[in-house]
Amino acid sequence: MIKKIYFQLIFFSFLFSMEAFSAESGGMPQLNPEFWISQIFWLTLTFGILYLVLSKLILPKISANLESRKSQILENIEAAEKQREDSETKLKDYEEIISKSRLDAKTIFNQAREKALKDINAKREVLDKQIDDEIIKAEQEIKILRENAPDKINKIAIETSSELVQKLIGAEINNSSISAIVDDLSRRNGDKYYGN
Amino acid sequence: MAANPMTQFNVYRIGPEIKVGAFDISFTNASLFMIISSVAILLIFNLGSKKNSLLPNKIQLLAELSYTFVSKMISDTAGSKAKPYFAFIFSLFMFVLFCNMFGMIPYTFTVTSHIIVTFVLAAFIFIGVTVIGFMKHGLGYLKLFVPSGVPAVLLPLIVVIEIISYLSRPVSLSVRLFANMMAGHTMMKVFGGFVISLGIVGGWLPLSFSVALTGLEILVAFLQAYVFAILTCIYLNDALNLHH
């Protein structure tokens, strides 16, 4: 039902518009030459002014703007490139400095170590010498003591044996005969007692 | 009800009648919209070229994109020799585009829907291109009508066809733009009339058509301006670089 009404409406509206078209005769206003001259005149005027203003004032400016932007961007890119190169050389310099200083530090460390070792060696030598001196001194003392020891022992042996003889026998014997016996004994047995 | 879809193309006088000799050059609604279009173009491109910032604002971007668009179009079709005619083709493209686009606003007048306007533009282009052709190549420009590699038997026929096609250039150029504009606006008006006459019940279908047509017409408005400009470039290319 609604569909039917819809199509009827379309049909009537077609009829209506057909009548309207035929009622206002004259067809296309475009073909009416009444305002042709006016349109040509105003078209020439407006388009001419538009062309003149655009070509003389506006388009050169836009073109200059585009050119300047292009050149500015190129310049900026160049500057950036240059700065990049600069930074690269600086980085290289920096690395060089770092490696050089590392080397320096190594040599300084080595030198210091050598020096310290030298010092230590020198001191040790001094100390060794001192110790050696001391040892030699002590050995000499010992030697002296050892050399002196048999005499003292002989003396003690003579004295004790003379006193022993006196106590045992009640007779006095002169020391020279005792010392001759002791010397003879110690000469014979000295190796056994002193280990020389 | 203004049911006649052709009434929108009526030209009427605004203000007093101006006569120079026998010619009536009164200010009309067509003149008004020519001026509006030109002023709009000049305004936009003046604003877009005023400041030169490295990062363009929207209007500057618009102006510069249009500039590069047209300049690329010309260099692609007519080569580098067409550079002196850049300003003309740019103005032409913008003028036709803005006239078409202003015609898309309801209750406005479409300047380019009049055959006389498009024909004057096309005739000017035709005459200009022919003059450039003869100035560049002298009588050698007539070789345009004699394609190379055509058998001698066919040559008379081909030359006649070439001449006819060359002479019909202004007609085809002007009629293409005018007919597209007129047909589109007429169709929209017809569908608009259907919406009114079918009312709330049946008006939805023609309304949806009308909406779709508006989108199509905006596309056509741009496309026809582009076609107009690119055909001018192609004609210019024939005149500047004689291929035949």
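Start by selecting helix α2 (residues 58-78) and helix α7 (residues 204-240) of chain B: their axes come within 8 Å and cross at roughly 40°. Axes here are lines fitted to C-alpha atoms, for helices over the stretch in contact, and angles run from 0 to 180 degrees between N-to-C directions. Helices (H or I, at least four residues) and strands (E, at least two) are DSSP runs, numbered from the N terminus. α2(B) and α7(B) are therefore oblique to each other. For angles, under 35 degrees counts as roughly parallel, over 145 as roughly antiparallel, 65 to 115 as roughly perpendicular, and the rest as oblique.

Before moving on, a word on what is on your screen. This is a predicted model, in which local features need pLDDT of at least 70, side-chain atom pairs count only at pLDDT 80 or more, and totals for chains, interfaces and linings use all residues. Residues are numbered from 1 along each chain as its sequence is written, while chains are lettered from A and ligands numbered from 1 in the order in which they are written.

**Stop 1**

The crossing of α2(B) and α7(B) is right-handed. A crossing is left-handed if the near helix is turned anticlockwise from the far one by less than a right angle, and right-handed if clockwise.

Now show the residues that meet. From α2(B) they are M73(B), I74(B), T77(B) and A78(B), and from α7(B) they are A229(B), I230(B), C233(B), I234(B), L236(B), N237(B) and L240(B). Two residues are in contact if their C-beta atoms, placed from the backbone, lie within 7 Å. By class, this contact has 9 nonpolar, 2 polar and no charged residues. Ala, Val, Leu, Ile, Met, Phe, Trp, Tyr, Cys and Pro count as nonpolar, Asp, Glu, Lys and Arg as charged, and the others, Gly among them, as polar.

**Stop 2: one residue, N237(B)**

Click on N237(B), which sits in helix α7 of chain B. Is N237(B) buried or partly exposed? With 19 C-beta neighbours inside 10 Å, N237(B) counts as partly exposed. The cut-offs are these: a residue is buried if 20 or more other C-beta atoms lie within 10 Å of its own, exposed if 12 or fewer, and partly exposed in between, with C-beta atoms placed from the backbone.

Leaving out residues up to four places away in sequence, N237(B) touches T77(B), A78(B) and G79(B). Then try your distance tool on the C-alpha atoms of N237(B) and L216(B): 21 residues apart along the chain, they are separated by 30 Å.

**Stop 3: the whole of chain B**

Zoom out to chain B, with its 7 helices and 2 strands. From the N terminus on, the order is β-β-α-α-α-α-α-α-α. The C-alpha trace of chain B spans about 65 × 55 × 45 Å along its principal axes. Of the 244 residues in chain B, 35% are buried.

Next, pick helix α4 (residues 115-137) and helix α6 (residues 169-202) of chain B, whose axes come within 8 Å and cross at roughly 145°. This crossing, too, is right-handed. Among the residues that meet here are F119(B) and F126(B) in α4(B), and L173(B) and F178(B) in α6(B). The contact of α4(B) with α6(B) has 11 nonpolar, 2 polar and 1 charged residues.

**Stop 4**

Switch to chain A, which has 3 helices and 0 strands. Of its 196 residues, 9% count as buried.

Where do the chains meet? The contact takes 38 residues from chain A and 44 residues from chain B. α2(A) gives the most to the side of chain A that touches chain B, with 25 residues. That side divides into 25 nonpolar, 10 polar and 3 charged residues.

For a close view, select α2(A) and α4(B), which pack at an angle of about 45°, with their axes 9 Å apart. W36(A), Q39(A), I40(A) and L43(A) of α2(A) make the contact with I116(B), V117(B) and V120(B) of α4(B).

**Last stop: colour by confidence**

Colour the model by pLDDT, the predictor's confidence in each residue, from 0 to 100. Chain B has a mean pLDDT of 90, and chain A has a mean of 83. Within chain A, confidence is lowest in α1(A), at a mean of 56, and highest in α2(A), at 91. Over residues 21-25 of chain A, the pLDDT is below 50.
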